[in-house]
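Subject: Structure handover

Hello,

Here is the structure I promised. Please have it open while you read; my notes follow below it.

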Amino acid sequence: MKSYKTAKVNLDHIVRLIGPRTKLPSITSHTINVAIAQLKQAEYPPCTINKKVSPLRFCLKYAVEQQWLKRLPTMPFYKPTEGRLRWFTSAEEARMLRWCRAHLCDLLWDYIVVSLDTGLRQSEVLNLKARNVNEGRVTVWGARTQDDWGTKAGNTRVVPLTPRAREVLERLSLDNPGRLFPVSKDQLFGSWQRMRQALGYARDPEFVPHAMRHTFCTRLVKANVNLAVIQKLAGHLRIETTLKYVHLDDDVLVEAIELLNEHRVGIISSNASGRRSPKKTEDILLDSYDLS
């Protein structure tokens, strides 16, 4: 599995809740529900609970196949929510970058810029090497090899770079044979947490690095980029996944209605100017559409 480390962390967590000395025949639906209740009490969201239970389901299914367990206990699967609702405004981005400069967190500054302007996943950014950057584009390869971690969806994609993201990656690529971001996920998250605390977002559970990927997709939508293009840039296999990443604020909705109204007024004006006897608005609108 590409995400075997994460799966093992999730499995270890659910095993601790069930009890590592619990015998296989003793693991029932009730046992699992008790563990899930503890996750809920710890305020884990439904999608995270699914991720915790999934590797357990996989292992118990294997146990049934090996006849170590008579039958697979039933385990709940929670309906996915709309997804993360957080994205960063331009003002929030400016505050984050100013904090990085003021506190000499240059690598965090670079990471934020690259993440916001490419939409790469955190693991993809942290595993970038100089050979991933070429002629103003960044390429992440889907297949996992000895040299490449691979992408979550297993598909290779190419993302053109903005001028500032290109400057960052080309600068980091100079005489650098290893990873461009030579820090662990935990080290980076430590710097992020200090920034988050200092900027007053400690109580915002969605002020996390992954929200920058949502910001990337949302900004493209607001720029009227086709959803199929956004799907390609983000590396999603299904358009439904892309839809979870895009968020529209009230201003965009207002603009959409204003455009609709302008279009309606234009139809009325053009039709009315060419007629000898004016018609009712409803008749003009009907005339403007092909109803056959």
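How many bridges pair strand 2 with strand 3, and in which sense? Strand 2 (residues 137-140) pairs with strand 3 over four bridges, in the antiparallel sense. Thr139 has Val158 of strand 3 as its bridge partner. The whole sheet is open, with three strands in the order 1-2-3 and antiparallel pairing. Strand 1 (133-134) and strand 3 (157-160) are the edge strands, each pairing on one side only. Two strands count as paired if DSSP finds at least two bridges between them. Helices (H or I, at least four residues) and strands (E, at least two) are DSSP runs, numbered from the N terminus.

A word on the model. It is predicted, so local features need pLDDT of at least 70 and side-chain atom pairs pLDDT 80 or more, while totals for chains, interfaces and linings use all residues. Residues are numbered from 1 along each chain as its sequence is written, and side-chain values use heavy atoms, with hydrogens and water left out.

Confidence
The mean pLDDT (the predictor's confidence in each residue, from 0 to 100) is 83 for the protein. Of its residues, 78% reach 70 or more. Residues 277-282 stay under 50. That stretch has four contacts (heavy atoms within 4.5 Å) beyond four places in sequence. Residues 284-292 are also below 50 in pLDDT, with 11 contacts beyond near neighbours in sequence. Please treat both stretches separately from the rest.

Helix 4
Helix 4 covers residues 90-102. Its 13 residues should span 18 Å at 1.5 Å a residue, and its end C-alpha atoms are 18 Å apart, which agrees. The expected span is 1.5 Å times one less than the number of residues.

Which side of this helix is covered? Glu92, Glu93, Met96, Leu97, Trp99 and Cys100 are buried. They lie on the same side of helix 4, because their arc around the axis is only 155 degrees. The arc is taken from the directions from the helix axis to the C-beta atoms. The cover over these buried residues includes helix 5 (106-118), helix 7 (163-173), helix 8 (185-198) and helix 9 (211-222). Ser90, Ala91, Arg98 and Ala102 are exposed, on the face turned away from the buried side. Buried means under 20% relative accessible area, exposed over 50%, and partly exposed in between (1.4 Å probe, protein chains only). Just after helix 4, Leu104 takes a positive phi of about 55 degrees.

Salt bridges
The whole structure holds 13 salt bridges. The criterion is a side-chain nitrogen of Lys or Arg within 4 Å of a carboxyl oxygen of Asp or Glu.

- Asp106 and Arg101 meet at 3.3 Å, N to O. Asp106 is partly exposed at 39%, and Arg101 is partly exposed at 43%.
- Glu124 and Arg121 meet at 2.8 Å, N to O. Glu124 is buried at 5%, and Arg121 is buried at 11%.
- Glu240 and Arg238 have their closest N and O atoms 3.7 Å apart. Glu240 is partly exposed at 40%, and Arg238 is partly exposed at 48%.

Best wishes
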